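Reader: I'm new to this one, could you walk me through a few of its features?
Author: Gladly; here is the structure to look at while we talk.

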Amino acid sequence: MLAILALPGAVAPLQAQSVTKIEDYGSVSATTIKNGLGFNVNPANAWEFQQAAAAGATEVRIQCGWQATEVQTAQNTSGGYVLPAGCVTAMQSAKTYSLHPLMIAAYGPPYQAIVTLKTTADVPVGVYNIPVTATTGTLSQINVPYCQVLQQNGVQFTALGRNSYAGSFITAVNTTTGTITISAVTSVAIPAGTLLTVNQLLYPSVKTASATDPSIAAYAGPATASYGGYVGFLAQTMKDYGLTGRVEIWNEPTWAHDPWDMRQHFYDANIPSDVSQALDQSGFATALEAQAPPDGIRYEWGYTHKSGFNSLLGSRNPTLTQAAASLNLNSESFHPYGNDPEDGGWNNDCLAAGTNWGLCYLDGNDPAANFKAAVQLNILHKASYGWGIDQGITETGTSTGDQNAKARFIMREFPMYMALGMKWIDFFQLATPQPGYGFVDSSTTPGTVLQPYLAIKGFMSDVAAISGSASPTFTAANLPTVASYTGYYNLSSMKVTGSTSATVGSNSQMFIAWQRSIVANQTLSWLTMASPAAVPLTITLPTGMKASAAINLTTRATVSFAQSGQNVTYQVADDPIELLIVPVPTLTMTTAAQSLAVTAGASTGNTDTVTLKSGGALNATVTLACTVAAATGTTATVLPICALSQQNVVLTDGMSADVTVSILSQAASKTQTKLVAEHREDKRGRMPMWFACPLLVCLALRRRRRAVAMLMALFCVTMAFTGCGGSAKTTGFTVPVNGTTAGTYNVTVKATANNAGTALTATQTIALTMQ
């Protein structure tokens with residue numbers, strides 16, 4: 001949640017390094033971010049689905065338009081639904097790459113050309129009545145309110161927002177005078193003889209905001225036709241493909257190119273009294289709240305795309321219940337396009353306090369951006385009633401050929417909105433020609449990835465690494481804080497919390513910060529402004545934590561940092577810098593028993609168990625050793641021996657291992673037989689050698705081999721003493737054997753490990769009494 005000490009106000013970028021203000025957007029779990037990335041993709045391009053999944057996305061937003069999906073067999077007859085080929089590819093690709101589709105249910109229904117008209121006189125700008133004659137068909141075939149008209153070449157002749165893809169709304173036909181009347185004045189002159197096409201819609205534009213309106217039923221169901229509503233068909237299609245996902249109700253209403261959902265927008269004045277003038281089409285919401293979508297499918301409210309005032313929780317939609325929010329219509333989304341990445345951001349603390357939402361914007365940004373009005377409704381609704389709805393973003397981004405600036409924009413916008421409470425962010429668009437919005441250049445197939453793609457993919461990989469299954473609890477006391485900062489702009493910051501494994505001991509965090517560069521008056525382009533100089537930022541880490549890496553999220557370059565105690569200092573400019581914070585590795589050892597009493601020679605009751613446990617980021621081989629020493633007061637003649645069941649144990653985050661310690665000893669015995677050999681010589685065996693010796697010596701001398709003669713003489717002398725044969729007999733006697741000395745001893749078990757250059761030691765002592 002954003003913590004700002006003073007109410008925001010417009011400020012100009014400061015050229016002096018004098019800004020100390022810290023904007024804390026709050027914290028968000030790594031799991032939330034891991035599940036929160038999506039892209040708008042072309043449904044027919046399987047390679048886009050593959051690249052979306054590879055970047056870490058879990059959702060893809062596609063459109064399977066109503067006109068292409070429902071079959072119009074006659075002017076007023078539906079032939080059911082057929083999923084377009086491109087959308088069949090989308091379903092298959094989503095299944096292949098484990099992505100959740102978000103299918104946009106837009107825009108208006110199918111239509112057919114039924115009559116061709118020709119203007120019989122020049123038609124000036126600013127008139128409702130157009131003189132015509134029929135060249136194919138007849139004027140009497142024109143069925144009000146089903147029909148709309150435009151020039152045969154496709155050019156509209158009323159202002160944008162007063163017509164749909166089928167043309168301008170026909171309110172009356174006078175077959176006597178040969179005149180058609182339209183709902184808004186002409187915006188261009190139409191020369192005499194111009195050909196016009198009259199299109200008849202399968203369902204007329206929505207007249208009311210009632211769930212029983214036939215056109216609402218055709219769109220949102222339950223439909224009067226046997227085929228079900230358009231929205232229901234899309235939902236069932238996802239289910240039939242074995243997918244889970246959402247159906248989005250319309251796109252950016254009121255859509256200037258097709259106001260079919262609210263007939264009032266075809267009129268520029270004199271709206272008939274029986275035509276609803278509601279500010280949004282709450283009839284869609286009411287109809288959907290009464291339905292149960294297929295399992296695993298939910299409905300997404302699109303009427304907040306351009307206005308937070310149209311929230312499901314606002315006064316314009318008073319019928320939403322907790323049951324409906326949990327079962328079917330449970331989310332709404334925004335499209336916060338802006339000049340700078342944080343343009344639509346807000347202060348959650350300000351909103352939660354009940355302050356007028358218009359005051360809860362960020363310094364220097366757009367105070368009129370009213371998505372925060374919907375966010376405030378949700379915050380206050382949860383506080384009052386204990387339940388709310390999911391809110392997210394289904395379109396955002398920036399269009400430029402400067403890929404580094406685009407990456408900076410994306411990597412500031414994405415983490416900020418996630419920290420502010422958005423559940424997902426679907427960027428527009430994954431792949432486009434360049435310059436454009438795309439993360440991928442679509443001029444090749446598959447597309448060529450650009451720096452924004454590499455940046456978001458790298459960040460999602462970092463997040464996944466701390467998205468372990470543990471559910472760590474984080475409070476202000478165990479989160480990093482800013483110790484010092486003086487820069488050129490406010491410092492934006494946020495935290496990502498998670499774990500590297502299934503154990504709470506592996507809790508890890510990211511601290512993300514950047515100088516929030518903004519333009520002075522929103523008339524200049526943020527994309528072209530110069531970056532501020534990098535300045536030192538010092539962060540204080542929680543006790544027991546250390547910094548393991550710092551990464552520039554725009555470029556993915558490594559950033560150097562220095563840690564002194566619990567303070568970490570590094571340089572930050574307007575690129576967001578991610579500081580990865582991990583637990584200091586620990587190695588602990590406990591014993592099952594603090595003392596043992598062992599009878600000398602015993603083979604039972606002579607063991608204890610030590611338990612090794614890793615903490616933090618430990619990942620190492622632990623070596624164990626065991627020693628025994630006599631305690632004070634014990635004079636040991638024979639010491640007991642300590643043995644371990646294993647001497648090397650591999651431990652990783654949160655693991656534990658048991659090692660058995662055995663005490664080996666010997667009981668005292670009364671006697672033991674000793675064997676002694678007595679030698680008897682055989683004189684007969686020695687005699688032949690005496691005769692041979694003089695002969696051997698003389699022979700050596702005659703051949704002048706004095707060295708050999710001397711050796712032979714020595715041999716003969718030796719034989720004189722030892723003889724050449726003999727025998728022995730064995731006699732025995734007994735001696736007492738001492739057992740392990742009784743008394744007290746200290747058995748010390750020591751574990752050592754080296755974790756990435758850090759030496760770790762754990763020791764336990766067992767008090768041993770030998771009996």
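**Salt bridges and their surroundings**

Author: At 16% relative accessibility, D462 counts as buried, where buried means under 20% relative accessible area, exposed over 50%, and partly exposed in between (1.4 Å probe, protein chains only). This is a predicted model, in which local features need pLDDT of at least 70 and side-chain atom pairs count only at pLDDT 80 or more, while totals for chains, interfaces and linings use all residues. Residues are numbered from 1 along each chain as its sequence is written, and side-chain values use heavy atoms, with hydrogens and water left out.

Reader: Which residue forms a salt bridge with D462?
Author: That is R556, with the closest N and O atoms 3.0 Å apart; a salt bridge here is a side-chain nitrogen of Lys or Arg within 4 Å of a carboxyl oxygen of Asp or Glu. R556 lies in the loop between β26 (545–552) and β27, and D462 in helix α12 (residues 451–465), so the pair ties together parts that are 94 residues apart in sequence. Helices (H or I, at least four residues) and strands (E, at least two) are DSSP runs, numbered from the N terminus.

Reader: How many salt bridges does a search of the whole structure find?
Author: The search finds 13. One of them joins E59 and R246, whose closest N and O atoms are 2.8 Å apart. That pair links distant parts of the chain, with E59 in strand β3 (residues 59–63) and R246 in strand β14 (residues 245–249), 187 residues apart.

Reader: Are E59 and R246 buried or exposed?
Author: E59 and R246 are both buried, and together with E300 they are linked in a network of salt bridges.

Reader: Last one, what takes a positive phi just after α10?
Author: G386 does, at about 80°. Within α10, the buried residues include F371, V375 and H381.
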